[in-house]
Amino acid sequence: MSKKGGNTVQRVWELVEPIVEGLGLRLWDVRFVKEGADWFLRVIIDSESGVGINDCEAVSRAIDEPLDEADPIAQAYTLEVCSPGLERQLVRDEHFEQFIGADIMVKLLRPIEGIGKEFKGVLADYSDGEVTVKDHSGENEVSFSVKDAAYVKLDDFD
């Protein structure tokens, strides 16, 4: 396999997004991660009606050959196609914009004085990588850069 330069995730995104959309689904995220000695290409799909195992299988079959032909990844990897699931992680601008007003859970890399590292609230605003969260009373809010968060996830259980 030969790496052809540029960002791996972006190249994969550009390749698989039209295929995923052609199947009536939405591409949620693409992640290329190393776990132990192994590399994983995770293609995360979504739809308004939810994602089932048949959707994951259909996408996996549909993108396997184009990925092999385009050869955007230099090393061996395992392809995984999955749904974002409950407590989906918000990572892209459009995720934050879509879920303004939703309950979220935040874990920061460093604590904010008086709040700590982990908290829940309502996603009040998102702009240029800055997140504003209001507590459930609506009285207090905190803002932080998304770069300072270990994760921001939907809180689907409250």
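What covers the buried residues of H2? The cover includes helix H1 (8-22), E2 and E3. Helices (H or I, at least four residues) and strands (E, at least two) are DSSP runs, numbered from the N terminus. Buried means under 20% relative accessible area, exposed over 50%, and partly exposed in between (1.4 Å probe, protein chains only).

This is a predicted model, in which local features need pLDDT of at least 70, side-chain atom pairs count only at pLDDT 80 or more, and totals for chains, interfaces and linings use all residues. Residues are numbered from 1 along each chain as its sequence is written, and side-chain values use heavy atoms, with hydrogens and water left out.

Start with H2 itself. Its buried residues are Cys56, Val59, Ile63 and Leu67. An α-helix has 3.6 residues a turn, so residues three or four places apart point the same way. The 18 residues of H2 should span 26 Å at 1.5 Å a residue, and the end C-alpha atoms are 26 Å apart, which agrees. The expected span is 1.5 Å times one less than the number of residues. H2 also bends by about 30° at Ile63, and Pro66 follows within four residues. That bend is the angle between axes fitted to the seven residues ending there and the seven starting there. After H2 comes Asp71, with a positive phi near 50°.

Now the strands on either side. E2 (residues 38-46) and E3 run parallel and are joined by five bridges. Two strands pair if DSSP finds at least two bridges between them. Ile44 has Cys82 as its bridge partner in E3. From E2 the chain crosses through helix H2 (residues 53-70) to E3, in a right-handed β-α-β crossover. Right-handed means that, with the strands pointing away from the viewer, the path from the first strand over the helix to the second runs clockwise.

Next, the loop between strand E3 (78-82) and helix H3 (93-98), where Gly85 is found. Gly85 counts as partly exposed because its relative accessibility is 30%. Its C-alpha atom is 10.0 Å from that of Leu154, 69 residues apart along the chain. Leu86 lies in the loop between E3 and H3 too. At 58% relative accessibility, Leu86 counts as exposed. Not counting residues up to four places away in sequence, Leu86 touches Asp156 and Phe157 (contact means heavy atoms within 4.5 Å).

Then the cores. A nonpolar core is a set of buried Ala, Val, Leu, Ile, Met, Phe, Trp, Tyr and Cys residues joined through side-chain atoms within 4.5 Å. The largest has 19 residues, of which Leu90, Ile104, Val106, Val133, Phe144 and Val152 touch the most other members. Strands E4 (103-112), E5 (116-127), E6 (130-134), E7 and E8 (149-154) each give two or more residues to this core. Leaving aside neighbours within four places in sequence, the contacts of Val152 include Leu90, Phe96, Ile104 and Phe144.

Another core, of 18 residues, lies apart from the largest one; Leu25, Val30, Phe32 and Val43 are among its members. Val30 sits in strand E1 (residues 26-35). Val30 is buried, with a relative accessible area of 4%. Beyond its neighbours within four places in sequence, Val30 is in contact with Val9, Val12, Trp13, Leu41 and Arg42. Val30 and Ile45 are 15 residues apart in sequence and 8.9 Å apart in space, C-alpha to C-alpha.
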